[in-house]
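Hi everyone, thanks for making time. Let me put the sequence and the structure up, and then we can walk through them together.

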Amino acid sequence: MAAAAATAARIVELDPAHPRAARVIDDIVRMEKRIFPKHESLARTFHDELKRRNTGLIYSAATIPTTGDAAAADADEEEVVGYAMYTCATSLCASITKLAVKESRRRQGHGEALLMAAVESCRRRRVQRVSLHVDPARAAAVALYRKVGFQVDATVVGYYAPHRDAYRMYMDL
């Protein structure tokens with residue numbers, strides 16, 4: 001079931017020059033605002049983040065069928081169901097800075113597909129290590145990262161807020 005749902009969506013590396021890029025970014029910013037607390041959200045700085053040469057954005061898009069007739073099939077809309085943002089800080093190390101999937105689309109394989117695509121993009125850039133931070137209380141996220149091959153490197157005390165730590169996790173490529 002999870003694999004079938006994830007394969008129904010396509011994974012796309014955002015091309016800012018593409019005609020649909022602005023709409024995709026707007027969808028992601030709305031998702032960012034809904035999912036993350038204001039102090040953890042990149043919604044206000046999202047456009048600036050994407051302008052950085054060393055930042056990449058991958059998103060998962062699922063087709064939303066319009067009506068049943070053949071003429072409308074060409075006009076099907078796409079729904080952004082999740083995204084991953086990464087930054088290649090140096091030629092040796094990259095960070096997954098965001099990974100999010102719409103609540104209604106979770107546990108269907110989208111997060112894993114996005115994470116693997118982001119790691120593969122880093123691998124193509126010849127990055128040697130990918131790291132990320134995650135709240136240890138987000139058990140599903142921690143389990144996903146471990147499943148894909150990330151390991152806990154350290155606990156960063158007060159990373160998100162006082163008394164709210166983070167695991168620093170990494171994967172060597």
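Let's begin at Leu99. Beyond its neighbours within four places in sequence, Leu99 is in contact with Phe36, Tyr83, Ala84, Gly111, Leu114, Leu115, Leu144 and Tyr145. Please keep in mind that this is a predicted model.

Now for the setting of that residue. Leu99 is among the residues with the most contacts inside the largest nonpolar core, together with Tyr86, Ile96, Leu115, Leu132, Tyr145 and Phe150. That core has 25 residues. Who supplies them? At least two residues each come from strands E3 (77-88), E4 (93-101), E5 (129-134) and E7 (164-172), and from helices H5 (110-124) and H6 (139-148). H5 gives the largest share, 6 residues. Apart from this core lies another one, of 17 residues, including Val12, Val24, Ile25 and Leu50.

Two of those names take us to helix H2. H2 covers residues 21-35, and its 15 residues reach 21 Å from the first C-alpha to the last, close to the 21 Å expected at 1.5 Å a residue.

Finally, the whole chain. There are 6 helices and 7 strands, in the order α-β-α-α-β-α-β-β-α-β-α-β-β. Of its 173 residues, 41% count as buried. Among contacts between residues at least 6 apart in sequence, 61% join residues at least 24 apart. The chain exposes about 9,900 Å², with carbon and sulfur atoms supplying 52% of that.

How values were computed. Residues are numbered from 1 along each chain as its sequence is written. This is a predicted model: local features need pLDDT of at least 70, side-chain atom pairs count only at pLDDT 80 or more; totals for chains, interfaces and linings use all residues. Side-chain values use heavy atoms; hydrogens and water are left out. Helices (H or I, at least four residues) and strands (E, at least two) are DSSP runs, numbered from the N terminus. The expected span of a helix is 1.5 Å times one less than its number of residues. A nonpolar core is a set of buried Ala, Val, Leu, Ile, Met, Phe, Trp, Tyr and Cys residues joined through side-chain atoms within 4.5 Å. Buried means under 20% relative accessible area, exposed over 50%, partly exposed in between (1.4 Å probe, protein chains only). Contact means heavy atoms within 4.5 Å. Accessible areas come from the Shrake-Rupley method with a 1.4 Å probe; for residues, only the protein chains shown count as cover.
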